Amino acid sequence: MSGEKDLQKLLKNMKPEHKLGNYVFCKVDKLEGLNLDEVDMFFREEEAITLILRKEIAERLHLEYSIVMSWITLSVHSSLEAVGLTAAFSKALSQHEISCNVVAAFYHDHIFVDKDDTEKAMEILNSFSN
């Protein structure tokens, strides 16, 4: 199944879910020596490899981070070809001065927001289905 493309259906059915825990973005030069089972996501860029992982794991590994975030997953299966979903929710969040970092995976979109903004972000995201 390729996922939903219709923006109105995506917004109405996105059903945000807050994944409990504190998450951080860190950077490393290489993955060698890391237990990838402890890393939730990674992305290789020219400058470094970005890791997204639980705060306690980053601290145990002595990795630097700048902000503690919450992870919100939009449970609707969105198509990688869907147009406008990220723009719609990021605009709504930005109107409330909430920064979001988005990872689009095969099945779902994942949004990382400042831990202090979690409750408000969930209210805003849930308002699309009302």
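**Exercise 1. The largest pocket**

Determine how many nonpolar, polar and charged residues the lining of the largest pocket has, and then which residues and elements supply that lining.

*Solution.* By class, the lining of the largest pocket has 7 nonpolar, 2 polar and 1 charged residues. The structure in question is a predicted model. The residues that line this pocket are F25, M41, F42, F43, E45, T50, I52, N101, V102 and V103. Two or more of the lining residues come from each of the elements β2 (41–44), β3 (49–54) and β5 (100–104). The space in the largest pocket amounts to about 200 Å³.

**Exercise 2. The surroundings of S78**

*Solution.* Next, consider accessibility. Finally, examine the partners. Beyond its neighbours within four places in sequence, S78 is in contact with several residues, including S2, G3, E4, F106 and Y107.

**Exercise 3. A residue of helix α3**

State whether L93 is buried or exposed, and identify the residues that L93 touches beyond four places away in sequence.

*Solution.* L93 lies in helix α3. With a relative accessible area of 0%, L93 is buried. Not counting residues up to four places away in sequence, L93 touches I98, C100, I111, A121, I124 and L125.

**Exercise 4. Salt bridges**

State how many salt bridges the structure holds, and describe the pairs made by E59 and K120.

*Solution.* The structure holds 6 salt bridges. Side chains of opposite charge can pair when their charged atoms come close. E59 forms one with K55, the closest N and O atoms being 3.4 Å apart. Both residues lie in helix α2 (residues 55–60), 4 residues apart, about one turn of the helix. E59 is partly exposed at 38% relative accessibility, and K55 is partly exposed at 24%.

K120 forms a salt bridge with E123, where the closest N and O atoms are 3.7 Å apart. This pair lies in helix α4 (residues 118–127), with 3 residues, about one turn, from K120 to E123. K120 is partly exposed at 36%, as is E123 at 43%.

Notes
Residues numbered from 1 in each chain as written. Predicted model: local features only at pLDDT ≥ 70, side-chain atom pairs only at ≥ 80, totals over all residues. Heavy atoms only, no water. Contact = heavy atoms within 4.5 Å. 1 Å grid on protein atoms, 1.4 Å probe; cavity = no way out; pocket = protein on both sides within 12 Å on 5 of 7 lines; lining within 4 Å. Points joined across faces, edges and corners; volume = space filled by probe spheres on them. Nonpolar A, V, L, I, M, F, W, Y, C, P; charged D, E, K, R; others polar. Buried < 20%, exposed > 50% of the residue type's maximum accessible area, 1.4 Å probe, protein only. Salt bridge = Lys/Arg side-chain N within 4 Å of Asp/Glu carboxyl O.
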